[in-house]
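Dear colleague,

Please find the structure below, with its sequence. My notes on what was found in it follow directly after.

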Amino acid sequence: MAATALAALAGVLPLSSRASAAAADATVTVNADAGLGVLGPAALGANAAIWDAHMNDPEVASLMKAAGVGALRYPGGSYADIYHWKDHSAPGGYVAPGTGFDDFMGTVKAAGAQPVIIANYGSGTPEEAADWVRYANVTRHYGAQYWEIGNEIYGNGHYGSGWENDTHADKSPKEYARQVKAYAAAMRAVDPTVRIGAVLTTPGNWPDGVIGSGDAGDWNHSVLAEVAHDIDFVSVHWYPGGSADDPAVDKVARLPGELREIRNLLDRYAGTDAARIGIAMTEVNASTGGTPFTTRPNGLFAADAMMTALENGVFTVDWWDTHNGAGTVSTVDGETDYGDMGMLSNATCSGSVCEPAANTPFAPYYGIKALAALGGAGDTMVASGSSSPRVSAHAVEQADGDLAVLLVNKDAGAAHTVDLDYAGFTPDRGAPAVLRWAPGDADLVPAPGTASSSRAVLPPSSLTVLTLHPQPDSGPSTQVGTPGTPRTTSVSDTSVDLSWPAATGKVVRYGVYEQSGTGLRLLAESTGTSVTVPNLPPGSVHTVNVLATDAAGRLSRPSAPLTFTTGSPRRSTCAVEYRVTAGWGNGFVAAVTLTNLGPDPVDGWSLDFDWPDAGQSVTGAWNAEVTDDDGHVHATGADGNTRLAADGASTVSFGFTGANDGPNPAPTVFRINGTVCTTRS
């Protein structure tokens, strides 16, 4: 896919025969038939705040439009829970002139974006929120679609740490859920088209897993158990942290698992409603403090993290934030880092060091701008992968048939040479268009003549976007449309029934293809719009696309993906109950109960299961001997805890402590003495 022969820190050099002959140290593979979903108009977003005097500067709208920012969130994080829109006040906080709701909507409209609005939960009422909807959509006809109920309400002190304003006497997740229902009813009574969002905590991040006093479960389980059928999206925030030795961009690998766990929760509590509930990542940055913010590492993080979120089912990902203010000043790879979480300068000073002129873009801005070059609304994200941990790849098949690929070199000290392979796409013989952002570049700059379709040389700490034209008469079929998103109609331990909306045109057949990294394998074919896929392993996770085939044998574009997990056997000679009884974000306590349902007693049992996520592990155990070998857990009965009576007449239990670096999903398959058991929860 592309070759960019670039000097490490100097100017752009033409792709030379020596560079093209040099051995590559990484391979990037793109599969245009493995779809990850379609980008929406609100995909890229940013936060705005009423304490930001530069929020509505005329330059802001043009900068946002140039970076493809299609969503702006208001009135500013935790300020939302002290903000009263009618008199534009925030008791206890600072409100800058010219930051009222109508001023904000002027910037939104000028940027060609749409608003994401946070209704005041902390000190507001359902009636106040409903009045805001009425003013926005009935009086002013702004068409504001997305409304969150509060900001980080789990930070209201219920779990011992309180930064979010919440004046309700009951600060439990159950009370929040009750209020979300009331807010949703009042707001929809004014405008039935508004989409209502509830606040969740990101799996694997505090207070995920923490069960408060008097609660039946942690925040996410408690809230979704009550409101899953009343909301249209959930809102999460992601600040993974990082340092010079452990950069935030290296933590992006956690994100797919964390987002998958959110989808699992929605599937569990919303059932058939789950497919219509979106995931919004309404705040993201490297950290809430202590990491580089305005320099190159955070620009790489912005591009890699935001695109990863979109590829894994998020419909809008909103950078925190537009302007913020100078903080701890440091030097990162020769550049001044102002410690500012904004994407644009607000010209403040920290001690004797002052930021550049207001609205000067910082590194995250260029990371987001690179994503705008990669694709826009209506374009299809497709699977890509890299053989090197120092190089990330993302790919988009654009509506006109071109393929754009973003290559992120996370290595600050070395260039990397990348070979590019394709499936489902044949590039033409011409050189791709190249945009790059590398040390020394003041913006995303064209680099013509520096790439081929098969190789790229990436400067240290750089973003490179390649846009390739397809070979004539190749690419997706023009005779059939894209099938609709598949859904499950029935899932067992070994099979799944799937159906999907038909594609337009004269379809000869449909194929259901399973993604495995950047590879695809055909699971089943059908001449209709449904199929049964048999012979699947119990407790296995599958991501599938549906593609239509025309009379000439050419494939359509891939449908949006569906991920499903097969269950455990309904009938087995054993059963296992697995419960997390306590958690604290990055650690937990689990209880396991075993039952023998067979006709014969078991003298001496062993239990085996595998962790779903690479960050999970066992750290200690009781009432059993437990080992954890690279994600495979093996437990055997300890003294006095080894016999299982026949026909479920008795049970044995053991417990363990665990650690999770990222999400903490429950294992899906348990085996007692080699037999796959029924799983109970």
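Leaving aside neighbours within four places in sequence, F301 is in contact with W238, P240, A248, V249, V252, V284, N285, A286, M306 and W319. Please note that this is a predicted model. F301 is also among the residues with the most contacts inside the largest nonpolar core, together with W147, Y176 and M281. That core has 110 residues, and helix α8 (residues 296-311) gives the most to it, with 9 residues. A second, separate core of 23 residues includes L594, V602, W611 and F656. As general background, nonpolar side chains in soluble globular proteins tend to be buried together.

Helix α7 (residues 255-270) was checked for its length. Its 16 residues should span 22 Å at 1.5 Å a residue, and this agrees with its end C-alpha atoms, which are 22 Å apart. Just after α7, G271 takes a positive phi of about 60 degrees.

There is also an open sheet of 5 strands, in the order β34-β35-β32-β38-β39, with antiparallel pairing. The edges are held by β34 (624-629) and β39 (675-676); each has a single partner strand, so one side of each is left without a neighbour in the sheet. β34 is joined to β35 (residues 632-637) by 6 bridges, and the two run antiparallel. Within this pair, T627 stands opposite H634 in β35.

With kind regards

Notes
Residues are numbered from 1 along each chain as its sequence is written. This is a predicted model: local features need pLDDT of at least 70, side-chain atom pairs count only at pLDDT 80 or more; totals for chains, interfaces and linings use all residues. Side-chain values use heavy atoms; hydrogens and water are left out. A nonpolar core is a set of buried Ala, Val, Leu, Ile, Met, Phe, Trp, Tyr and Cys residues joined through side-chain atoms within 4.5 Å. Buried means under 20% relative accessible area, exposed over 50%, partly exposed in between (1.4 Å probe, protein chains only). Helices (H or I, at least four residues) and strands (E, at least two) are DSSP runs, numbered from the N terminus. Contact means heavy atoms within 4.5 Å. The expected span of a helix is 1.5 Å times one less than its number of residues. Two strands pair if DSSP finds at least two bridges between them.
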